[in-house]
Amino acid sequence: MNIIILAAGQSSRFPNTRPKYLLTAYDHRLMIEHCIECFDEVVNPKITIVILREHCREYQADLFLAEALPNINVLIIEEPTNGPTQTTQLAIQQLNITGPVYIKDCDTFIKFEKPITECNGVAVGRLNDYPCLYNVAAKSYVKADTNGIIQSVIEKQVVSNLFSVGGYQFRDADAFLQTADKLLAKPTQEIYLSNVIDSMIADGEIFEVVHTTNFEDVGTISDWIVFNRQHPVLFCDIDGVLVRNQSRYGKNKFGTAPEVLHSNVQTLLEQQTRGAQFIFTTARPSEYDVQTHAVLLDLGFTDYRLVSGINTTNRILINDFDFSNPFPTAEAINVKRNSEELERYFK
């Protein structure tokens, strides 16, 4: 299947940053890498990312993509277009695409409930599955019958429980071009892919609802920040926070069975479930690392880092910030030794 990723916009909702698709996520991957992850199960996908020439001149977009995604095709267009429909039109024409084609926005992340089939379709999410979705009125909505056949796609009006998640399938690229050419002949405003779909439906084409899960919208800088901050890095002391404080000497010394502070551990395990990464710090000498790892693993922590042998004194975290990861990027929680009050600091 030919897949076109639309990344030739101006990223106007991401001021003072690189083009949004080049931004680095919490896991060191680019936004565009998260975007195309939904096609991992597609057999032999032919993915093309469409970008602007100015992004190559000013931000090395072609170099970024060549290094991050060496097996992905990049189509560079010289000037901004009228919108997603014209960008898709240019891509289909320049790539000589025939047959099925899938069009995907670069700033939404999804998973398909079922494998993609060759059909006309719109990828959707169910509004009631995302109770925290805040920009509800800014999305486009799909009206469909009980068989999942789409009647219309309506921009920025909540007319159903199904909203578009930025994925559009066309069984025949030539059919898309015929309708797009007609709409773009005398455009009075930006032509959306939903306009093409509505016009094709009016001409008798059948479009189906394609259900998805795990929708993430990163279409604005604030969305992007929220997405990444769901996965904080927590630098956490061990003694006095996870277990009752132990020391080098005496009956309750390093290496002996610790007394677990269960409430604090549960609070941190909940953070781990939500996507937090842990770096555990401790004054325990590195010679106790085997025992320390055993304690952490037994408590349920996974994929963490351990930094041992650090000084028993105040600890200062220094971190940079910028527009895509704004101030503050370093925070601190001071919890009284051996208390089980950690939960209240995360509320």
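**Figure 1. Lys139 in the loop between strands E6 and E7.** In this predicted model, Lys139 is found in the loop that runs between strand E6 (121-126) and strand E7 (140-144). With a relative accessible area of 9%, Lys139 is buried, because buried means under 20%. The side chain of Lys139 makes a polar contact with the side chain of Asp217, at 2.5 Å. When neighbours within four places in sequence are left aside, the residues in contact with Lys139 are Leu133, Ile154, Glu155, Lys156, Gln157, Phe163, Phe215 and Asp217.

**Figure 2. The salt bridge between Lys20 and Asp107.** Lys20 forms a salt bridge with Asp107, and the closest N and O atoms of the pair are 2.6 Å apart. Lys20 lies in the loop between strand E1 (2-6) and helix H1 (31-36), while Asp107 lies in the loop between strand E4 (101-105) and strand E5 (108-112), so the pair ties together parts that are 87 residues apart in sequence. Lys20 is buried, at 15% relative accessibility. Asp107 is also buried, with a relative accessible area of 13%.

**Figure 3. The salt bridge between Asp203 and Lys182.** In this pair, the closest N and O atoms of Asp203 and Lys182 are 3.5 Å apart. Asp203 counts as exposed, at 54% relative accessibility, and Lys182 counts as partly exposed, at 47%.

Figure 4. Arg126 forms a salt bridge with Asp129, with 3.9 Å between the closest N and O atoms. Arg126 is partly exposed, at 24% relative accessibility; Asp129 is partly exposed as well, at 45%. Elsewhere, Asp27, Arg29 and Glu37 are linked in a network of salt bridges. The structure as a whole holds 13 salt bridges.

Figure 5. A disulfide is a covalent bond between the sulfur atoms of two cysteines. A search of the whole structure finds 0 disulfides. The closest cysteine sulfur to that of Cys38 belongs to Cys35 and is 6.2 Å away, which is too far for a bond, because a disulfide requires sulfur atoms within 2.5 Å. For Cys119, the closest cysteine sulfur is that of Cys38, at 14 Å, again too far for a bond. Cys38 is buried, with 9% relative accessibility, and Cys119 is buried, with 6%.

**Figure 6. A nonpolar surface patch that includes Leu317.** Val233, Phe235 and Leu317 make a nonpolar surface patch of about 270 Å². Leu317 is placed in the segment after E13. At 43% relative accessibility, Leu317 counts as partly exposed.

**Figure 7. Pro328 in the segment after strand E13.** Pro328 lies in the segment that follows strand E13 (305-307). With a relative accessible area of 32%, Pro328 is partly exposed. Pro328 and Leu184 are 144 residues apart in sequence, and their C-alpha atoms are 45 Å apart in space.

How values were computed:
Residues are numbered from 1 along each chain as its sequence is written. This is a predicted model: local features need pLDDT of at least 70, side-chain atom pairs count only at pLDDT 80 or more; totals for chains, interfaces and linings use all residues. Side-chain values use heavy atoms; hydrogens and water are left out. Helices (H or I, at least four residues) and strands (E, at least two) are DSSP runs, numbered from the N terminus. Buried means under 20% relative accessible area, exposed over 50%, partly exposed in between (1.4 Å probe, protein chains only). A polar contact is a pair of N or O atoms within 3.5 Å; within protein, one must be able to donate a hydrogen and the other to accept it, and residues adjacent in sequence count only if both atoms are side-chain atoms. Contact means heavy atoms within 4.5 Å. Patches are made of residues with over 30% relative accessible area and no salt bridge: like charges are joined within 9 Å, nonpolar side chains (Val, Leu, Ile, Met, Phe, Trp, Tyr) within 5 Å. Accessible areas come from the Shrake-Rupley method with a 1.4 Å probe; for residues, only the protein chains shown count as cover. A salt bridge is a side-chain nitrogen of Lys or Arg within 4 Å of a carboxyl oxygen of Asp or Glu.
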